[in-house]
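Q: Please take a close look at one part of this structure, and then connect it to the rest. Keep it brisk.

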Amino acid sequence: MKKIIAKLASLSLVSGLFAASAFATSAVYAQDEAERPFEGEHVTVGVVGDAGEQVWEAVAEVALEQEGIEIEVVLLTDYNQPNEALNNGSLDINSFQHVAFLNDWNSANDADLTYIGYTSVNPLGLYSEKYTDLSELPEEGAIIAIPNDPTNGGRALLALEIAGFIELDDAAGVLPTPDDITDNPQGIVIEELEASQISLALPDVDAAFINTGFANDAGLTLEDAIFFDAEDVETLNEVYKNIIAVRAEDKENPLYLKLVEIYQTPETAALIVETSNGGSIPAWDGAADYADEESDAETTEEESTETDSETDTE
């Protein structure tokens with residue numbers, strides 16, 4: 001009898017240990033699930049240009065490590081594909097365009113895509129293989145290439161107006177076309193080309209407006225530009241801020257909002273500047289503070305180095 005009781009007690013103890021272990025394991029899983037509610041989720045993000053791909057690949061690594069979210073970055077070759085793919089469900093998110101481009105695409109395609117966060121501001125640069133300054137452009141008949149999509153082409157024309165070469169009809173707003181030019185004293189010839197192909201046409205024109213991503217892909221930086229439209233990005237119209245876009249029904253999707261949170265960090269801000277060779281500037285609220293803090297840190301480090309140097313020479 002004592003042996004039986006001892007065996008029962010032993011079995012009871014083992015059973016209790018298994019139960020306690022199972023409870024503990026269950027508690028850990030419950031905690032993990034609470035802390036990583038998006039574990040195993042898969043999101044496809046469409047981008048255009050190598051810089052955008054590099055930034056989102058880095059964000060994907062963080063999303064997987066911290067939240068268990070798998071991001072598939074899809075590199076597309078032109079500005080027409082990402083919104084079409086997002087609208088038809090082939091993509092979950094895209095990240096390549098500014099607000100003005102999205103608004104124009106929605107209007108032209110009877111769509112209702114929207115955005116859930118800002119990424120960067122990309123000054124639009126005028127590049128040339130023949131001239132190093134605006135003043136060197138031909139006094140008559142300079143050929144200038146601009147993107148053939150309404151928003152970037154319109155922005156290029158507005159930039160030409162800022163530079164003093166043309167005047168535009170104010171009624172055209174942020175979407176002027178060459179037909180809205182009201183004064184062109186130097187007879188500027190406008191060549192409208194596919195944005196992704198403009199860098200290839202540089203040898204054949206006097207100058208060309210090239211979007212930052214395509215300029216970077218061609219080995220150009222903003223320092224190479226003979227003019228750009230955003231000396232002070234704070235004064236640039238907000239419609240030129242780049243965005244993270246989704247379908248209207250996903251505007252409050254917590255998974256996608258989590259990705260915005262993961263994206264908008266000091267690390268991403270630094271990578272945006274690095275991959276664009278300084279041509280893109282982080283544009284979400286507070287992003288400018290990162291640059292100020294980094295600049296202050298660099299200044300402090302330089303001052304410290306100078307002090308140390310002076311001390312060494314005394």
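A: Start with Asp110: it counts as exposed, at 74% relative accessibility. Exposed means over 50% relative accessible area, buried under 20%, and partly exposed in between (1.4 Å probe, protein chains only). The model is predicted, so local features need pLDDT of at least 70 and side-chain atom pairs pLDDT 80 or more, while totals for chains, interfaces and linings use all residues. Numbering runs from 1 along each chain as its sequence is written, and side-chain values use heavy atoms, without hydrogens or water.

Asp110 sits in the loop between α4 (99-109) and β4 (114-121). Helices here are DSSP runs of H or I with at least four residues, strands are E runs of at least two, and both are numbered from the N terminus. The phi of Asp110 is positive, about 50 degrees, although the residue is not a glycine. Most residues other than glycine have a negative phi. Asn277 also has a positive phi, near 55 degrees, and is not glycine either. Asn277 lies in the loop between α8 (266-275) and β13 (281-282). Asn277 is partly exposed, with a relative accessible area of 46%.

Two packed helices are described by the angle and the distance between their axes. The axes of α4 and α5 (residues 150-162) come within 8 Å and cross at roughly 135 degrees. Axes are lines fitted to C-alpha atoms, for helices over the stretch in contact, and angles run from 0 to 180 degrees between N-to-C directions. The two helices are therefore oblique to each other: under 35 degrees would be roughly parallel, over 145 roughly antiparallel and 65 to 115 roughly perpendicular, with the rest oblique. Ala100, Phe101 and Asp104 of α4 meet Pro150, Thr151 and Asn152 of α5. Contact means heavy atoms within 4.5 Å.

A nonpolar core is a set of buried Ala, Val, Leu, Ile, Met, Phe, Trp, Tyr and Cys residues joined through side-chain atoms within 4.5 Å. This core has 35 residues; Val43, Trp56, Ile69, Ile71, Ile93, Leu259 and Tyr263 touch the most other members. Helix α7 gives the largest share, six residues. Trp56 touches Val45, Val47, Ile71, Val73, Ser95, Ile244 and Tyr263, leaving out residues up to four places away. Apart from this core lies another, of 21 residues, among them Tyr127, Ile198, Ala208 and Leu220.

Thr268, in α8, is buried at 7% relative accessible area. Beyond residues up to four places away, Thr268 touches Val55, Val59, Ile262, Tyr263 and Trp284. Glu67, in α2, is buried too, at 11%. Leaving aside neighbours within four places, Glu67 contacts Glu35, Arg36, Pro37, Phe38, Glu39, Val62, Lys258 and Ile262.

Lys258 is buried at 17% and forms a salt bridge with Glu261, the closest N and O atoms being 3.2 Å apart. A salt bridge is a side-chain nitrogen of Lys or Arg within 4 Å of a carboxyl oxygen of Asp or Glu. Lys258 and Glu261 are three residues apart in α7, so about one helical turn separates them. The count of salt bridges comes to eight. One of them joins Lys241 and Glu238, at 3.7 Å from N to O. Lys241 is buried at 15%, whereas Glu238 is partly exposed at 46%. Another joins Asp250 and Arg247, at 3.6 Å between the closest N and O atoms. Both of these residues are buried. Asp92, Arg247, Glu249 and Asp250 are linked in a salt-bridge network.

Now the whole chain. It has nine helices and 13 strands. Of its 314 residues, 43% count as buried. Among contacts with a separation of 6 or more, 74% involve residues 24 or more positions apart. The accessible surface comes to about 16700 Å², with 49% belonging to carbon and sulfur atoms. Areas come from the Shrake-Rupley method with a 1.4 Å probe; for residues, only the protein chains shown count as cover.
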